[in-house]
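Hello,

Here is the structure for your files. My notes follow below.

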Amino acid sequence: MVLYTSPFPNSFLSVLHSFSWGLIFPCYWLADRLVASFVPTTYEKRQRADDPCYFHALCIIITTPIYLALLVASLPFALIGFLLWSPLQSARRPYIYSRLEDKNHASGATLLTEWKAAGNGKSFCFGSANVCLLPDSLARFNNVFNTQARAKEIGRRIRNGASRPQIKIYIDSPTNTSISAASFSSLVSPQGGDSTNRTVNTGIKRTTSMEYKGDNSGSNNSEDSREDKGGAGEPNEGEENTCIVRINGEDNGHMSDTETDTINGQAHASGPTEPSLEGDAELSKTPNHKQKEGDSGSLDSYSASRESLVKVRVGDGTVDQSTVNNKLLYKASIMKKTSVRKKKHTDETFDHEICAFFPANLDFLCLQEVFDKRAAEKLKEQLHHYFEYIVYDVGVYSCHGCCSFKFVNSGLLFASRYPVMDAAYHCYPNGRGTDSLASKGALFLKVQVGSTPQDQRIVGYISCTHLQAIAGDTTVRCEQLDMLQDWLSEFRKSTSSSSTANPEELVAFDVICGDLNFDNCSSEDKLEQQHSLFTHYKDPCRIGPGEDKPWAIGTLLDPEGLYDEEVCTPDNLQKVLESEEGRKGYLVYPTSKNHGSSQKGRKASLKGNGRRIDYMLYTEEGLYLEWKVEVEEFSFITQLAGLTDHLPVAMRLMVSTGEDDP
């Protein structure tokens, strides 16, 4: 299957489309600004609280006639542009595939090595997020604004979180989790250019993991490895730049002064972390883009998160051990609550946490509501610093491809560190209400993640979707789930080049990500909860229809509280969501016909920890029979605090081959 690298089959149509959109854009922009001026966010209301009451009214009185006059003047040109633009959509392709040619620009993709299906297996990390990148006037109805600046900052934060090297600390004490911050103020693990693991032997025992807050240099990315549950820590294949700190000794969780001095002597910082070189003046206009102390999601933050506590600055080129040590800065602080939060429920077979960062070594990213085309371009540019392959501008426009007129695309975007082999898009034909104005649908992708010694391709399937959003449209969503399954089955058959007798490729995983717009606890969503999709695909957060696991939390934030000081940074939001009272204050909770309209009343009485409408599903059906797929880690991520009204989610899958390491 040919991947479309441009929206039109020839340059003439592309030029004609650009010309027609150039005629439409002034009218579109003016209408957007006019509506936006009448829809203030809670942040803007607070900013204006100290201004005289007449000041804002005076601004609207002055600007509204100007916008209206320019809007009327631009209408004839917009009409001509629309008459050219609409017929062109019949020739438009359903997506644009972007591959980064200059691989030095993608710090994450350059360190990937091809998986040869040897050893114990390999882990793959998937992320999904609804980023609410609508035209600014529409985004304000969700209490977010400044779409263009948000798009750039969202991409920047995602690559900042994903590109940090993974740090693993092995502590062998079975009881003591109290490790002083002073003991870990300057932990060092050498990070050179080779692809082997490094170990620093210091003082304590117990097994945990510590991730690390990197910067934008991004040269220290690595393939993720599965932590050996026995504590021995033999690396799996693909564990390239994982930094391992091994702590031995039994001094009640504290290193001796001699050990501390030795480590500190090896790892003193040459200075504070330098600010990002990619600052945008627009970012200072909104609170969610300010680089505050304690905002671990920011590129310019000098503080360390409890989950990602280490910063590193490594120079380019090959350096010896002493040079590396002089260039590294490790800031570590371990709290008792860290070990409690992660894998809190001992009967669970995988780790789960609320994390202030996207997982290190994120392999695949599925985004929803990337509706604004200019914002999509800005987001793509940022993501290309880490992901080599991106599929964006997915969907159809006008009356072509779906049964009703579509003003915007599907809002889906897919980014990958592995090459995309095939892609297909289908539009849901049964959208209703305002959802029918967008070409919501499903994007199906086939990626190659390695090959066997017998030259058989190792592939994976990923589906990204966004279902009907309007409350009460249960039947519509169930029909869309039916279509999703049918389209996915058709896509797998049409793209498979294998036969049972002579398999040319082995399927390692099949994952579905997206905003399904229903939760597993609401009484109004019972039909969706019992859909056959959940008999074929597993939800790591779900016990059964109507019941989530105790550690699962909602992914839909209360828009009214997005700019509260308690939750406006990734670290703050993480702390709030770790407590039940905090979740009740800032998450939207499931609805019930048996309770009143008061949201606080529903929160207090209903089970669950908020409306979880963003899903990550996986299946064991249709995969290579000799391999086993299991969840290694599931995360709810707060790194986009203040930038969207959804919590991103991430899942790490381990594909076990059953072979021993050579």
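**What was found**

At 14% relative accessibility, Ser436 counts as buried (under 20% relative accessible area; exposed is over 50%, partly exposed in between; 1.4 Å probe, protein chains only). Ser436 sits in the loop that links strand E10 (420-427) to strand E11 (441-451). Neighbours within four places in sequence aside, Ser436 touches Ser404, Phe405, Lys406 and Gly431; contact means heavy atoms within 4.5 Å.

A word on the source. This is a predicted model: local features need pLDDT of at least 70, side-chain atom pairs count only at pLDDT 80 or more, and totals for chains, interfaces and linings use all residues. Residues are numbered from 1 along each chain as its sequence is written, and side-chain values use heavy atoms, with hydrogens and water left out.

Now the chain as a whole. It has 15 helices and 18 strands; these are DSSP runs, helices being H or I of at least four residues and strands E of at least two, numbered from the N terminus. Of its 662 residues, 59% count as buried. Among contacts between residues at least 6 apart in sequence, 78% join residues at least 24 apart.

Last, the surface. Glu479, Asp482, Asp486 and Glu490 form a patch of negative charge there. Asp482 belongs to helix H10 (residues 474-495). Asp482 is partly exposed, at a relative accessible area of 36%.

Best wishes

How values were computed. Patch = residues over 30% accessible without salt bridge, like charges linked within 9 Å, V, L, I, M, F, W, Y side chains within 5 Å. Areas by Shrake-Rupley, 256 points an atom, 1.4 Å probe, with all protein chains shown as cover. Salt bridge = Lys/Arg side-chain N within 4 Å of Asp/Glu carboxyl O. Lys, Arg positive; Asp, Glu negative; His and termini not counted. Charge placed at Lys NZ, Arg CZ, Asp CG, Glu CD.
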